[in-house]
Amino acid sequence: MEQLAALCKRRGFIFPGSELYGGINGFWDYGPLGTELKRNVREAWWEAMVRLRDDVVGLDSAIIMHPRVWEASGHAEGFTDPMVDCRSCRRRFRVDQLYENLGIELEPGSVADMSLKLPADARCPVCGSRELTEPRAFNLMFRTFVGPVEDDSAAAYLRPETAQGIFVQFHNVLSVSRMKIPFGIAQIGKAFRNEINPRNYTFRSREFEQMELEYFIKPGTDEQWHDYWVEERLKWYRGIGLAGDHLHRYVYGKEELAHYASACVDITYDFPFGAQELEGVAARGDYDLRRHQEYSGKSLEYFDAESGRSYIPHVVEPSAGVDRIILALLCEAYREEWVPREAHAGSRPEIRPVEPGTNPPEGLEKRTVMGFSPRVAPIKVAVFPLLKNRPQLVEKSRRIFEELRQHWTAFWDITGAIGRRYRRQDEAGTPFCITVDFQTLDDDTVTVRDRDTMQQERFTVSELPRVLEQKGLP
Ligand code: ATP
């Protein structure tokens, strides 16, 4: 993780938030490459979940909603962690962490139902003091005020999930889109949780982004649609390059389910710090719409023209975190290899796994590569002139770059030795590099270098878009 975080900072994937002022725990900024990566992930999700489907439409709802929304959703009351304060050093901890520190395993569900007492030998994990308060509920929602007066009547919350915006607009979307059940509403947006213990790099942050689908179904079809969405979502993860054996599903046992849910499956990824949730796919029954119907006093029923009956739809919710997917993609992509110092056009360079603790053999050097799938790679293709002091090469490479950037996110780089430029693109995860050399001026061919094999092949300039597409650029 440390090596990855260093690379992310050096190359501009992820920076600590507000670093200039010493940082702020739980907040992260995405640099130029990270921003492109994130855009590609959102785009891939939107394409699969909305653009290529007849039965899903989009929504972009406000971050701040009427405070009653969070009473209806249960977040005002239930969205809490039991916390303990240290009276001596004044730090705050989750009770379950104190158990964890003592090596005591907790029963599933015991954290959620607030039945946790302090463990007998509990000490402050920081200062070691036994002066701890009894566990108290701590709400994870960020509170703010709407308008100039800061009193309880003006209190509002930053949304802790995007889903409630969808439920609250269910009726409006239904009437404008003329959708019939089953159908879904999808949303991508920021969510905020005042996590007690942000950790594992960006994995648990206080500001993050969610991609959520609420798929409304006929009561009784829950199991079938739940299975369907778990499979669809796994397929999607494989499609963006999490194809290896690091992807798993965790099926909730009956005793772990929320009282209204009939099924839940977490899609997990083997991070260096353990297998952790990327996404939860839950069958939530009619809980959300029913609660909003109760709290708003307005009907959220759906009229089924076929049967002539009205009902509150049930819902299946695949809920994913953009930042966690980015982190998984970064972990999956990162690799180090020993490769030849100089590659020769045509020949296939020998690439060897790094033997830790030893120096590379004669003629080889270490390279770091981000092996992103072309689908999500921040830069798809880089274009170089072999030398920057030959105007003909520079101009020609610029023209090729201008043409290719019409199709893909491209990068033009004229500075430094050509080998260094390749290495920089390897670290950025760019699948292809194109070099304009002296032969180009004779026969209008360029080399196309493959990031993974490091092999170079010559193609004429006019066939580049077709060749790159054939090689997998989306
Ligand atoms: P966890 O148990 O890890 O706190 P959760 O089960 O509370 O997560 P959900 O409420 O199901 O998470 O949220 C759906 C998705 O939103 C998660 O699968 C995750 O990808 C993302 N998410 C939730 N909390 C955070 C966070 N603090 N930082 C980054 N992503 C998050």
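Helix 11 (residues 391-404) lies across strand 20, strand 21, strand 22 and strand 23 (445-450), and runs at about 165° to strand 20. Contact here means heavy atoms within 4.5 Å; axes are lines fitted to C-alpha atoms, for helices over the stretch in contact, with angles from 0 to 180 degrees between N-to-C directions. Helices (H or I, at least four residues) and strands (E, at least two) are DSSP runs numbered from the N terminus.

The model is predicted: local features need pLDDT of at least 70, side-chain atom pairs count only at pLDDT 80 or more, and totals for chains, interfaces and linings use all residues. Residues are numbered from 1 along each chain as its sequence is written, and side-chain values use heavy atoms, with hydrogens and water left out.

Helix 12 (residues 418-428) also lies across strands, namely strand 20, strand 21, strand 22, strand 23 and strand 24, at about 170° to strand 20. The open sheet concerned has 5 strands in the order 21-20-22-23-24, with mixed pairing; two strands pair if DSSP finds at least two bridges between them. Its edge strands, strand 21 (410-412) and strand 24 (456-460), each pair on one side only. The twist averages 25° from one strand to the next. Strand 20 (residues 381-385) and strand 22 (residues 432-436) pair in the parallel sense over 5 bridges, and F384 stands opposite T435 in strand 22.

A further open sheet has 3 strands in the order 18-17-19, with antiparallel pairing. Strand 18 (352-353) and strand 19 (364-370) each have a single partner strand, so one side of each is left without a neighbour in the sheet. Strand 17 (residues 334-340) is joined to strand 18 by 2 bridges, and E337 stands opposite P353 in strand 18. Helix 1 (residues 2-11) packs on this sheet, touching strand 17 and strand 19, and its direction makes about 80° with that of strand 17.

| Residue | Distance |
|---|---|
| R193 | 2.9 Å |
| Q210 | 3.2 Å |
| E277 | 2.6 Å |

Taken alone, the ligand exposes 580 Å², of which the protein buries 79% (Shrake-Rupley method, 1.4 Å probe).

Terms used:
Polar contact = N/O pair within 3.5 Å; in protein donor to acceptor, adjacent residues only side chain to side chain.
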